[in-house]
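I opened the notebook to record what I looked up in this structure. The entries follow in the order I made them.

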Amino acid sequence: MIITRLRDRKERAFVLYQIFLVFVLPVLLLVFRIVPISWRMIVLCCAMLLMYNIIRQEQWPDAVFGISKKTFIRSLLPYALFTIIGVFTIIFISERLGIEPEVSWWSIPHLRFLFLPVSLLQEIAYRGFLFPKLRQATNNWTLIIVTNTLLFTLIHVIYPMKDVMIPFAAIAGVSFAIMYRYFPNLILISISHSVLNFVAILYGFFFIPR
């Protein structure tokens, strides 16, 4: 019994160490200017490579990510409603803040080339990878959702407009975490995130106002 407990604690500590390396350390390096903020894509890519290496070494099956026809069919309507509500919420907040949409969105490189892969990679990291890792550390779903939300919010401190971005990321983070808790499908949540990300960028949430 004692040996089992010690082994469980060691495994839990190792999982927390992995989470720190992938999700916390890169942000700290950027926030405290140990690494220039202009290098943020390089730092985040290194974190993603580390995550990929962990997944490959531990040989995760597709089921861990919620990638299955069964979860797709069951989750399709909830994610559709979630996405529609999210879009209208972003538009409502933007109108309240007096933010006008970027009518010539195709001229923004981020909207044309980066928002889709960024959205996908965030979902792979924060839901596909982080959720199972947190499940290895605890069975408390409230703690899992709160931790997932905090780490998702943390990465957004490297963006401008922090007074808008941090609350927005926190609300989005807890919403995505709750959705994935009850409807674990990586494909649908990635599509939803991409749509909402597009609308958010369209309304300038990730850019310094002109």
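**Overall layout.** The model I am reading is predicted. I counted seven helices and zero strands in the chain. Next I looked up burial: of the 210 residues, 42% are buried. Then I turned to contacts with a separation of 6 or more, and found that residues 24 or more positions apart account for 79% of them.

**Helices α3 and α7.** I took this pair next. Two packed helices are described by the angle between their axes and the distance between the axes. I looked up both values for α3 (residues 69-97) and α7 (residues 186-202): the axes come within 9 Å and cross at roughly 10°. The two helices are therefore roughly parallel to each other; the cut-off I applied is an angle under 35 degrees. I then listed who makes the contact. From α3 I wrote down Phe72, Ser75, Leu76, Tyr79, Phe82, Thr83, Gly86, Val87, Ile90 and Ile91. From α7 I wrote down Ile187, Leu188, Ile189, Ser192, Val195, Leu196, Val199 and Ala200. By class, I have 14 nonpolar and four polar residues in this contact, and no charged ones.

**Phenylalanine 183.** I moved to the loop between α6 (162-182) and α7, where phenylalanine 183 is found. Is phenylalanine 183 buried or partly exposed? I get a relative accessibility of 22%, so phenylalanine 183 counts as partly exposed; buried would need a value under 20%. Leaving out residues up to four places away in sequence, I find phenylalanine 183 touching Arg74, Ser75, Pro78 and Tyr79. I also checked a C-alpha distance: phenylalanine 183 and threonine 71 are 112 residues apart along the chain, and their C-alpha atoms are separated by 7.0 Å.

**Salt bridges.** How many salt bridges does a search of the whole structure find? I find two. Side chains of opposite charge can pair when their charged atoms come close.

I looked up the accessibility of each partner. Glutamate 58 is partly exposed at 33% relative accessible area. Lysine 133 is buried at 1%.

I then noted the salt bridge between the side chains of glutamate 123 and arginine 127, at 2.8 Å, N to O. Both residues belong to helix α4 and are four residues apart, so about one helical turn separates them. I have glutamate 123 as buried, and arginine 127 as buried too.

**Asparagine 148.** My last entry is in helix α5 (residues 141-155), the place of asparagine 148. I read a relative accessible area of 0% for asparagine 148, so I put it down as buried. What does the side chain of asparagine 148 reach at 2.5 Å? I traced it to the backbone oxygen of tyrosine 126. Not counting residues up to four places away in sequence, asparagine 148 touches Tyr126, Arg127, Leu130, Phe131, Leu134 and Ala177. I flagged Arg127 in that list, as arginine 127 also holds the salt bridge with glutamate 123.

Terms used. Residues are numbered from 1 along each chain as its sequence is written. This is a predicted model: local features need pLDDT of at least 70, side-chain atom pairs count only at pLDDT 80 or more; totals for chains, interfaces and linings use all residues. Side-chain values use heavy atoms; hydrogens and water are left out. Buried means under 20% relative accessible area, exposed over 50%, partly exposed in between (1.4 Å probe, protein chains only). A polar contact is a pair of N or O atoms within 3.5 Å; within protein, one must be able to donate a hydrogen and the other to accept it, and residues adjacent in sequence count only if both atoms are side-chain atoms. Contact means heavy atoms within 4.5 Å. Axes are lines fitted to C-alpha atoms, for helices over the stretch in contact, and angles run from 0 to 180 degrees between N-to-C directions. Angles under 35 degrees count as roughly parallel, over 145 as roughly antiparallel, 65 to 115 as roughly perpendicular and the rest as oblique. Ala, Val, Leu, Ile, Met, Phe, Trp, Tyr, Cys and Pro count as nonpolar, Asp, Glu, Lys and Arg as charged, and the others, Gly among them, as polar. A salt bridge is a side-chain nitrogen of Lys or Arg within 4 Å of a carboxyl oxygen of Asp or Glu.
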